[in-house]
Amino acid sequence: MSTNTVDQPIASSADRRPPRILVVDDERSMRELLAIVLRREGYEVLLAENGRAAVDLLEREPVDLLISDIKMPDLSGVDVLRAAKKIDQDILGIMITAFASTETAVEAMRLGACDYLSKPFDVDLLKMKVREKIENRQLRQENVLLKRTLGLAHQFSNIIGRSEAMLDVFKMIETVARTNSTILLTGESGTGKGLVAQAIHFNSLRREKPMVSLNCGALPETLLESELFGHMRGSFTGADTNKKGLLEVAERGTIFLDEIGELSAVMQVKLLRVLQERRFRRVGGLEELQADIRVIAATNQDLTRLIAEGRFREDLYYRINVIPLTLPPLRERREDIPLLADHFLAKYSEQMGKQIAGVSHDAMDLLVAHDWPGNIRELENVIERAVALEATPAILADSLPPNVRGDAPRVAVGPTEALPESGFDLEAHVKEIERGYIAEALKRAGGVQVKAADLLGMSFRSFRYYVKKYNLR
């Protein structure tokens, strides 16, 4: 007998149900834990105690995301995913494994999973991965992404702004969208580089063709190569079939390479060849394939500094930096904060089924005054939290986190030491302080990077970069 449980929608609308997740695990405790965590996040959850029950359920119910243990008595998680893909080729899968080897992870992802987690896993990391996958699926399903919304000039759907800085960005998008030139998007983490890439694609001559995204910092080199170029059957253990890479999937469309500064030296050379010759080969393949694609790259790093440090190829930089577009941080477009806050308020009020009419004047003053080191992503998280906590018809200042209210404990800064007569290496001194705080945060968070990043008010991606930079893993 299968254990099939459907949670009632937390926030329903006439034409949209909450995202539906199927959890498959032969351990009852793990099923129940995942159900509790995911339902609290507002998802509709189905449960199955084995692979066959999961397949039966998939044949009856539409599912957005599959979370499955890999090892189960009857069908493996990979078998369930294969069956799910036959029913809905766009379904996303997260595999859970007790075997944290790179080989296991690579095999799971090559067989169709979009991500994996090793037991025991951090609940915050699970929530973050699920949110990313659900958002990516929703973005793919919306064919009218980033079309202008009537009534607000120069708004590309989720890209909101009336400031001079953003009007310049919108004008640049309009100018470059209909070209085929390679674009390099730069800007701090959380400034909306992914949304701008989508806006460029959906306003381009390639809009009827696919846009695919690849986070260059999220996968090991071997898996990244297979994801980008594809592979031939038998080219490595677990390669049971030929697989198209993203370059083929994006044929005559657009490929978005996020965090391009994270590419290894080997992958930089291979990408350079694609950009120069517009040709590539699958892993283990001999045939040269044509790459008719538009490339949009993005980074939150200073690539010129990486070039100086010998970590990024100068010739690749000039290939991707044909049209540079820099996105302003939120602190440089403060007049857009009320617009963004209202947008996120409406979004999360609907999701949580709460009647919250607006943001109080005191709370809005605090939002506008805050410097937002995490930019739009941080603002969205703050509004989501406020909507969850608020018990009145308006967001009050008390529902904002301490750092936004100005109540957060400040790091004590001692008097500046006298500058030595001969001077000193300020950059090295700052790096030493930076490394100390990163190490201390990791220690205090028990090695959980998501929690450590939160302690320092950083995004997870930025924190991960510094951990790698200072070799603290």
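The model is predicted, so local features need pLDDT of at least 70 and side-chain atom pairs count only at pLDDT 80 or more, while totals for chains, interfaces and linings use all residues. Residues are numbered from 1 along each chain as its sequence is written, and side-chain values use heavy atoms, with hydrogens and water left out.

**Overall make-up**

- The protein has 19 helices and 16 strands. These are DSSP runs numbered from the N terminus: helices are H or I with at least four residues, strands are E with at least two.
- The protein has 473 residues, and 47% of them count as buried. Buried means under 20% relative accessible area, exposed means over 50%, and partly exposed lies in between (1.4 Å probe, protein chains only).
- Take contacts between residues at least 6 apart in sequence: 68% of them join residues at least 24 apart. A contact means heavy atoms within 4.5 Å.

**Nonpolar cores**

- The largest nonpolar core has 34 residues. Such a core is a set of buried Ala, Val, Leu, Ile, Met, Phe, Trp, Tyr and Cys residues joined through side-chain atoms within 4.5 Å.
- Ile255, Leu257 and Ile320 have the most contacts inside this core.
- Elements giving two or more residues to this core include strand E10 (254–258), helix H10 (265–277) and helix H12 (314–320). H10 gives the largest share, five residues.
- Beyond its neighbours within four places in sequence, Ile320 touches residues including Thr182, Leu184, Leu275 and Phe312.
- Another core lies apart, with 23 residues, among them Leu330, Ile337, Phe344 and Leu400.

**A five-stranded sheet**

- Five strands form an open sheet in the order E7-E10-E13-E6-E14, with parallel pairing. Two strands pair if DSSP finds at least two bridges between them.
- E7 and E14 (323–326) are the edge strands; each has a single partner strand, so one side of each is left without a neighbour in the sheet.
- Neighbouring strands are turned by 20° against each other on average, direction ignored. Axes are lines fitted to C-alpha atoms, for helices over the stretch in contact, and angles run from 0 to 180 degrees between N-to-C directions.
- E6 (residues 183–186) and E14 pair in the parallel sense over four bridges. Ile183 has Ile323 in E14 as its bridge partner.
- Helix H6 (residues 164–177) packs on the sheet and touches E6, E13 and E14. The direction of H6 makes about 155° with that of E14.

**Helix H14, a two-sided helix**

- Ala363, Met364 and Leu367 are buried in H14 (residues 361–369).
- These buried residues fall within an arc of 95° seen down the axis, so they line one face of the helix. The arc is that of the directions from the helix axis to the C-beta atoms.
- His361, Asp362, Asp365 and Ala369 are exposed on the other side of H14.
- The partners of the buried residues include helix H13 (337–352) and helix H15 (375–389).

**Positive phi angles**

- Most residues other than glycine have a negative phi.
- Arg252 has a positive phi of about 65°. Arg252 sits in the loop between H9 and E10 and is partly exposed, with a relative accessible area of 46%.
- Asn375 has a positive phi near 60°. Asn375 belongs to helix H15 and is buried, with a relative accessible area of 0%.
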